[in-house]
Amino acid sequence: MIQKLFLILLSIPFLLDAQTTVKGIITEQNSGNKPIAGVQIKALGSTPEQTDNAGLFQLVFTSKKPGDRIIVSEISKKGFEIVNKDVVNNWLIPGNPGDKTKIVMCPEGLITQNTLKYYDISLAGLTKGYQHRITQLQEERDKAKIDVKTYGEKAKILSEQFENQQKQLEDLAEKFARENFDDCSAIHRQAFEAFKSGNIGEAIRILETVNSEAEIAKAKEQKAKAENMKKEMNEMLSQSDSVIEQNIKKLLFQADMYTSDYRIADAERTYMAAVNADTTNFESLYSYAMFLKEQYKHEESNKWHHSAIRNSRSDIERNNALSSLAFLQMQMYQFEQAEANFKEVLSFVKK
């Protein structure tokens, strides 16, 4: 059986399909980011998913890459509807695998209910503002500050502006209804509470207590400082990683030279220095495991093979280490373990 598996492994290249995982979270609108469990998510090219108790889900695609569009066929839970449809309709595979797409839902019918409510509030505020401006204009005319012709022209402009604003109120009301204030500042939320109570003037007063231009300028200055510090830190990290990597490669080459000169003890000491330099470096771990196998130090080689497998960065690296471990286990007469590892490699190859 082992010989058959060995022959199969030699005849099949390690060509593995890449998988792309998209992570996300579903929360309830204006609830303090309360997660919603049990939401069904279906997207073309991915297996159906369901949110867990933390509202988290992940979709696995076998034929998509960053920037590709995600076509959603269903996001549903009884009694709920989607709030931020624009996010779902324009959903793309993110460039950063760790990014989470946030989808917001609310009780079914709440958007329509709030849209009507906010429309009435906005219309009342718009009408009040229009009437105030007309009254001011009339007072200017009555006090002879403007003539009748100027009054007529300005009144006409105000009327046209009022009609145009009315036409936009429905879209504006729906925009308010779909806003998730969990993602807004405290002042923003406070102002919206005033708006919901019908006090647009108070909402404006609250918003005007914060000088947003000054806050933005301050934040940009802080961001620039942080980015400079981050850049310097990244450069230091990159330089350090480069020095470590270069010296690991140098040590591995040095170990090879010692082996070629039959200085086995020096080679082993040098391999050990390489693996200690970075205990997650697959190349040094795998090279050391192979060296130990060649020296018939089977138990030690077995240990470092497992370490290399744990730190493999790709299916190809993992399969190579598994195959080597299986051959080592055959030498150790551990035929059942060897067969299991060969089968695991084959399961990846056949995908």
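## Nonpolar cores

The largest nonpolar core contains 25 residues, and Tyr271, Tyr288, Phe291 and Trp304 have the most contacts inside it. At least two residues of this core come from each of α7, α8 (264-277), α9 (282-294), α10 (298-310) and α11 (315-331). The most, seven residues, come from α9. Such a core is a set of buried Ala, Val, Leu, Ile, Met, Phe, Trp, Tyr and Cys residues joined through side-chain atoms within 4.5 Å; buried means under 20% relative accessible area, exposed over 50% and partly exposed in between (1.4 Å probe, protein chains only).

Beyond its neighbours within four places in sequence, Tyr271 is in contact (heavy atoms within 4.5 Å) with Leu252, Ala255, Asp256, Ser287, Tyr288 and Phe291. A second, separate core has 17 residues, including Val22, Ala43, Leu59 and Trp91.

## Basis of the model

The model is predicted: local features need pLDDT of at least 70, side-chain atom pairs count only at pLDDT 80 or more, and totals for chains, interfaces and linings use all residues. Residues are numbered from 1 along each chain as its sequence is written, and side-chain values use heavy atoms, with hydrogens and water left out.

## Helix α3

Helices (H or I, at least four residues) and strands (E, at least two) are DSSP runs, numbered from the N terminus. The buried residues of α3 are Ile111, Asn114, Thr115, Tyr118, Ile121, Ser122, Ile134 and Leu137. Their cover includes β6 (80-82), β7 (100-107), α4 (148-178), α5 (186-196) and α6 (200-207). After α3 comes Ala144, with a positive phi near 65°.

## Exposed methionine

Met236 lies in helix α7 (residues 212-260) and is exposed, at 53% relative accessible area.
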